[in-house]
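Colleague: I would like to go through this model with you. Could we begin with the charged side chains?
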Amino acid sequence: EGGREGIEAARSLREECDVPVVFVTGHTDRDTVERIHKVVPGAPVLPKPVWSDRLADAVKAVMSFRMW
């Protein structure tokens with residue numbers, strides 16, 4: 001199923017390193033986004049292809065507001 005490996009990687013990062021996560025994915029259907037937000041509530045989910053300015057804004061947001 002699309003995106004599961006990335007969601008599990010985010011879970012590991014949160015548990016082991018407590019780092020912020022920004023998801024960049026080609027799977028932005030409701031079920032996938034809900035699974036992402038169960039692991040990382042409030043994490044930005046950006047659809048592919050992503051523009052560099054949107055990615056930079058999302059990274060700044062999670063770093064500034066600890067949205068992880």
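Modeller: The side chains of Glu-8 and Arg-11 form a salt bridge, with 3.2 Å from N to O. The term salt bridge is used for a side-chain nitrogen of Lys or Arg within 4 Å of a carboxyl oxygen of Asp or Glu. Please note that this is a predicted model, in which local features need pLDDT of at least 70 and side-chain atom pairs count only at pLDDT 80 or more, while totals for chains, interfaces and linings use all residues. Residues are numbered from 1 along each chain as its sequence is written, and side-chain values use heavy atoms, with hydrogens and water left out.

Colleague: Why are Glu-8 and Arg-11 about one helical turn apart?
Modeller: Glu-8 and Arg-11 are three residues apart in helix H1 (residues 4-17), so about one helical turn separates them. Helices (H or I, at least four residues) and strands (E, at least two) are DSSP runs, numbered from the N terminus.

Colleague: Staying with H2, which of its residues are buried?
Modeller: In helix H2 (residues 30-39), the buried residues are Thr-32, Arg-35, Ile-36 and Val-39. They lie on the same side of H2 because they cover an arc of only 100 degrees around the axis; the arc is that of the directions from the helix axis to the C-beta atoms.

Colleague: What does the face turned away from the buried side carry?
Modeller: That face of H2 carries the exposed residues Arg-30 and Lys-38.

Colleague: What is Ala-10 in contact with?
Modeller: Leaving aside its neighbours within four places in sequence, Ala-10 is in contact (heavy atoms within 4.5 Å) with Val-21, Phe-23, Val-39 and Val-40.

Colleague: Where is Val-21 placed?
Modeller: Val-21 is in the loop between H1 and E1, and counts as buried because its relative accessibility is 9%. Asp-18 lies in the loop between H1 and E1 as well. Phi of Asp-18 is near 50 degrees, a positive value in a residue other than glycine.

Colleague: What sort of peptide bond joins Lys-48 and Pro-49?
Modeller: A cis peptide bond, with omega about -10 degrees. Pro-49 sits in the loop between strand E2 (45-47) and H3.

Colleague: Now the surface. Which residues form the nonpolar patch?
Modeller: Val-24, Leu-55, Val-59 and Met-63 form it, with about 300 Å² of accessible area together. Helix H3 (residues 52-65) gives the most, with three residues, and Val-24 is in strand E1 (residues 23-25). Patches are made of residues with over 30% relative accessible area and no salt bridge, where like charges are joined within 9 Å and nonpolar side chains (Val, Leu, Ile, Met, Phe, Trp, Tyr) within 5 Å. Accessible areas come from the Shrake-Rupley method with a 1.4 Å probe, and for residues only the protein chains shown count as cover.

Colleague: Lastly, what pattern does the chain follow along the sequence?
Modeller: The protein chain follows α-β-α-β-α, with three helices and two strands. Of its 68 residues, 25% count as buried.

Terms used: Buried < 20%, exposed > 50% of the residue type's maximum accessible area, 1.4 Å probe, protein only.
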